[in-house]
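Colleague: I would like to learn how to read the pockets and the sheet of a model like this one. Where do we start?

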Amino acid sequence: MTPPPAPSFRDLSREECEAILTRNHVGRVAFSYHDHVDIEPIHFVYSEGWIYGRTTHGTKLRTLAHNRWLAFEVDEIDATFEWRSVVVKGALYVLEQNGNQNAIFDKALHH
C-alpha cells in the first residue's frame with residue numbers, strides 16, 4: 001500500500017519568488033491598525049523589484065494612511081500538497097497621478 005502524500009517545505013529562491021510575482025496579478029494585503037487586523041484581495045503587477053497594487057480610495061487606504069506597514073501574499077496552487085506562496089513585508093507608498101510621480105504612476109497603471 002502506498003503511503004498518502006505528505007507536504008514538504010522549502011524556501012523559494014529569489015528567482016522563484018519573482019517568477020511567481022510576475023505570473024500572477026491577484027494577491028492579498030494584510031494590515032492592522034490598533035486592535036483591528038484585516039486582509040483583502042488586491043490587483044497588482046510586479047515590475048523591476050516593485051509590487052504595484054491597484055485599488056480605489058476606501059477603507060484599505062484610509063487604514064494604511066495611519067499605519068503603512070503591511071504584508072502581501074500571493075499563492076500558486078496545483079494540488080493539495082503542491083503549492084507555492086510568496087510573502088513580502090514592507091511599507092505602502094501611495095502614488096498620485098500628478099507631480100514628480102506621474103511617470104511611475106503611468107508605468108504601474110499600464111504595466
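Modeller: With a definition: a pocket is an open set of grid points with protein on both sides within 12 Å along at least five of seven lines, and its lining residues have an atom within 4 Å of a point. Keep in mind that this is a predicted model.

Colleague: Which residues line the second largest pocket?

Modeller: The general idea comes first. Rolling a probe the size of a water molecule over the atoms shows where empty space is left. Here the second largest pocket is lined by Pro7, Ser8, Phe9, Arg10, Asp11, Leu12, Cys17, Phe81, Glu82, Trp83, Arg84 and Ser85. Its volume is about 390 Å³.

Colleague: How many residues of each class are in the lining of the second largest pocket, and which element gives the most to it?

Modeller: Six are nonpolar, four are charged and two are polar. Strand β5 gives the most, with four residues.

Colleague: Now the sheet. What is the order of its strands?

Modeller: Strands of a sheet pair through backbone hydrogen bonds, either parallel or antiparallel. In this model five strands form an open sheet in the order β3-β2-β1-β4-β5, and the pairing is antiparallel. The edges are taken by β3 and β5 (82-91), each with a single partner strand, so one side of each has no neighbour in the sheet. On average, neighbouring strands are turned by 35° against each other, direction ignored.

Colleague: Which helices pack on the sheet?

Modeller: Helix α1 (residues 14-23) packs on it and touches β2, β3, β4 (69-79) and β5. The direction of α1 makes about 85° with that of β4. Helix α2 (residues 59-66) also packs on the sheet, touching β1, β2 and β4, and its direction makes about 45° with that of β1.

Colleague: How many bridges join each pair of strands?

Modeller: Start at β3 (residues 50-54), which is joined to β2 (residues 36-47) by five bridges. In that pair, Val45 stands opposite Tyr52. Eight bridges pair β2 with β1 (residues 26-33), where Ser32 has Val37 as its bridge partner. Between β1 and β4 there are four bridges, and Phe31 is partnered by Leu70. Finally, β4 and β5 are joined by 10 bridges, with Arg84 as the bridge partner of Glu76.

Colleague: Where are the hairpins?

Modeller: One is formed by β2 and β3, with two residues between them; Glu48 in that turn has a positive phi of about 50°. Another is formed by β4 and β5, also with two residues between the strands.

Conventions. Residues are numbered from 1 along each chain as its sequence is written. This is a predicted model: local features need pLDDT of at least 70, side-chain atom pairs count only at pLDDT 80 or more; totals for chains, interfaces and linings use all residues. Side-chain values use heavy atoms; hydrogens and water are left out. Two strands pair if DSSP finds at least two bridges between them. Axes are lines fitted to C-alpha atoms, for helices over the stretch in contact, and angles run from 0 to 180 degrees between N-to-C directions. Contact means heavy atoms within 4.5 Å. On a 1 Å grid over the protein atoms alone, a cavity is a set of points where a 1.4 Å probe fits but cannot get out, and a pocket is an open set with protein on both sides within 12 Å along at least five of seven lines; lining residues have an atom within 4 Å of a point. Grid points are joined across faces, edges and corners, and a volume is the space filled by probe spheres set on the points. Ala, Val, Leu, Ile, Met, Phe, Trp, Tyr, Cys and Pro count as nonpolar, Asp, Glu, Lys and Arg as charged, and the others, Gly among them, as polar.
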